[in-house]
Amino acid sequence: MDRKPPFRRKTSISYKTEEKTVMRGYNLSDLAEEGYSFYDAMFVLFQNRIPTETEEKMLKYEMGVFLEHSMSPSAVGAIGVSAGRPNLPVCVAAAVSTFGGVHGPGAAHGYMLNKYLKRAQKEGLTVDEMAKTLVDEYMDAGRPVMGMGQPQHIDSDPRAEPIHLKQEELELNGVYLEFQRAVEKYFHARRKADGRSYVGVNVVGSGNTALMEIGFSPNAGWCIGSVVRGFSCAAHALFNMKKGRAWGASRNEPMVQMIDLSMIKYVGPEDRIVPKQEERQEYARTQKEEGEYKQWVI
Amino acid sequence: MGYLDKKKAESLNKAKRERSIGNLGDPKNPFDYYDREYGTVPQDTKRAPFQWVSEVAYKNVHRIVTRGYDTTELMEEGYGVIDVLFIDYQARIPTIEEEKMLNYIMILALEDGLSAPAAISRIVARSKTFLTQACGASIMAFGHAYGAYSAFGNRLEKYLALSKKQNLSLPEAAKLLVSENLNDEALGVSNLMLKDPAAKRMLARAEKLGTAGEYIAFTREIVAAAQEISTEPVDLDMLGATGAAMMDLGFTPEATWAILAVTRSFAAGAHYIEEVEREETNRLGQELTPKEDYDGPEDRPVPPLAERDKYAASALCTTPDEWTQRFERMKTINGSGFGIIEEVEDPSKKSGIKKVGKL
């Protein structure tokens, strides 16, 4: 049996021999035998260190509270893919891949915090002063402040403030939490002054703050958040595969299905006649000149 | 929204009938093509409107609930990811021993060096993508050979059911399983862990924690049966140990497959990061494929289009003999697909491709 890796790389993450699998110097089997937790292993993987007990507890809380979120783009993605009945990992892959610039943009929030903390250090400003600068710059430019607001939990994300509180309870309040709290303070004040409604911190704003406080990079934090959601999305896909109807369009179900024909609302160009090939050139030239098509270009 | 106004539809159909469109008006069609509706199907008011139906979880503005438990309350009470996996997949809180066992398994499943999931993650990373794309791609590496937890688990269930039905002892059922599947990638027994004790330690841990049950017992019998008839040294491998331990924790083969693929994806994320940190990106057209790796037809001139008929070869076969000859000929053309079989089945209830491999 060929046991060569698919390709060669110099890596400082792990190696594997016939005798053992070693991650950052620790034999994985020994790590498990010693009684370390999966959360501890996350610190070893991404930070090359064993965490303190409180750091481990914080990660346990953050990952656990983020794992399940019922119907979000990630679960809907998994369920949508499952309608064609591919292998289960495909549904989960789709779910994890839904995390982008808007759905759980953990890395973007982290980079924002890092960028402004760096500026605070460089410009000799306090964390509080820099938080005000951040809020003013984002809101003056009409940009959404990362980590604030959630389209479903409109008056406060049920996970968000409890994460902040857990971080404080565990006495893990460092520069990130101070900065995030200050961002929220100025964000709320500015919206109030503008006569706008209250928008609470979301789970990226609080969860990612906690992840960065316990030493994870923006990308590592994003990975942890996005991938842990994959666990629940697999359950949603599996439920639909085992107990739902494939395709999601059966007319025999008592409830209208996800892609029943009646669910389609079309707002494009009206039905029209396909030109014959002999009419094509003239038709195409006229269509291009008239330019009506441009409103439909995407 | 709904169907197009009747007059407009009739006018369009009339114009099309007069113009005639290819074969669409052919009487062999089981319909009159020029008498069909336009526009979308009106909303169905007789049935209940569509909703996302779930047994797993719901949320409202103020809470997220899985299998009846508020997820924030779960964390406040000290539960974690491992517990929520039992809740999501089995609708129950695990015992402390079960929680410890799954924790143990997930640490072992986290990293596997530069095997397929990490390699795929790194390849995707080189295209300058989001990290989440690479993590997603790594999960797709889990199939019915690599990380074949569903194939392994469903086979255990099949033969355990058979043993009950035919009144076979566990060793007898194991012998039957091995005799019918000795060289299968998802057997759980191979020569991969002859020097690494991690798989055996996992089962020992399950036994020590008291979570070992019939799946581990059966797997031990499968190992013994395989060792008896194999011509080379074989032993329990990580697939067998992990799959059996997960099923004794109550996870279905499919749940096991998903949980362990996602677990590996965390490490795939680290590999994505390291690839971006240490390596270069790829551009379209950048990589060359050396001619010495090519064993297809020799370089040849493209025939002039005007002489197409002189060079073209039809695939049309008019008799079963002709068809058989062509099929055999095509098997020699690598990449054509004639040399392999992939029997795709609906994986809704029991996942697994019936057979993938060489003919």
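Of the 359 residues of chain B, 38% count as buried, a residue being buried if 20 or more other C-beta atoms lie within 10 Å of its own, exposed if 12 or fewer and partly exposed in between, with C-beta atoms placed from the backbone. In chain A, buried residues make up 46% of 298. This is a predicted model, in which local features need pLDDT of at least 70 and side-chain atom pairs count only at pLDDT 80 or more, while totals for chains, interfaces and linings use all residues. Residues are numbered from 1 along each chain as its sequence is written, and chains are lettered from A and ligands numbered from 1 in the order in which they are written.

**Chain dimensions and composition**

- Chain B has 14 helices and 7 strands; helices (H or I, at least four residues) and strands (E, at least two) are DSSP runs, numbered from the N terminus.
- The radius of gyration of chain B is 28 Å, well over the 21 Å that the globule rule gives for 359 residues, so chain B is more spread out than a compact globule. The radius is taken over C-alpha atoms, and the rule is 2.2 Å times the number of residues to the power 0.38.
- Along the principal axes, the C-alpha atoms of chain B fill a box of roughly 80 × 60 × 55 Å.
- In chain B, 67% of the contacts with a separation of 6 or more are between residues 24 or more positions apart; two residues are in contact if their C-beta atoms, placed from the backbone, lie within 7 Å.
- Chain A contains 12 helices and 3 strands.
- The box filled by the C-alpha atoms of chain A, taken along the principal axes, is roughly 75 × 65 × 45 Å.
- For chain A, residues 24 or more positions apart account for 71% of the contacts with a separation of 6 or more.

- Ala, Val, Leu, Ile, Met, Phe, Trp, Tyr, Cys and Pro count as nonpolar, Asp, Glu, Lys and Arg as charged, and the others, Gly among them, as polar.

**Helix α12 of chain B and its partners**

- The axes of helix α7 (residues 149-165) of chain B and α12(B) come within 8 Å and cross at roughly 155 degrees. Axes are lines fitted to C-alpha atoms, for helices over the stretch in contact, and angles run from 0 to 180 degrees between N-to-C directions.
- That angle makes α7(B) roughly antiparallel to α12(B); angles under 35 degrees count as roughly parallel, over 145 as roughly antiparallel, 65 to 115 as roughly perpendicular and the rest as oblique.
- Y149(B), S150(B), G153(B) and N154(B) of α7(B) make the contact with P253(B), E254(B), T256(B), W257(B) and L260(B) of α12(B).
- By class, the residues of this contact of α7(B) with α12(B) are 4 nonpolar, 4 polar and 1 charged.
- T263(B) lies in helix α12 of chain B and counts as buried, with 26 C-beta neighbours inside 10 Å.
- Beyond its neighbours within four places in sequence, T263(B) is in contact with M106(B), A109(B) and L110(B).
- T263(B) and E111(B) are 152 residues apart in sequence and 8.7 Å apart in space, C-alpha to C-alpha.
- Helix α5 (residues 116-125) of chain B is mostly covered, with 9 of its 10 residues buried. The buried residues of α5(B) pack against α6 (131-139) and α12 of chain B.

**Helices α3 and α4 of chain B**

- Helix α3 (residues 81-90) and helix α4 (residues 96-110) of chain B pack at about 105 degrees, with their axes 9 Å apart, which makes α3(B) roughly perpendicular to α4(B).
- I82(B), D83(B), L85(B) and F86(B) of α3(B) meet E98(B), E99(B), L102(B) and N103(B) of α4(B).
- The residues of the contact of α3(B) with α4(B) comprise 4 nonpolar, 1 polar and 3 charged.

**Positive phi**

- Most residues other than glycine have a negative phi.
- E171(A), not a glycine, has a positive phi of about 55 degrees. E171(A) is in the loop between α8 (160-169) and α9 (175-193) of chain A and counts as exposed, with 8 C-beta neighbours inside 10 Å.
- R67(B), also not a glycine, has a positive phi of about 50 degrees. R67(B) is in the loop between β2 (64-66) and β3 (69-70) of chain B and counts as partly exposed, with 18 C-beta neighbours inside 10 Å.
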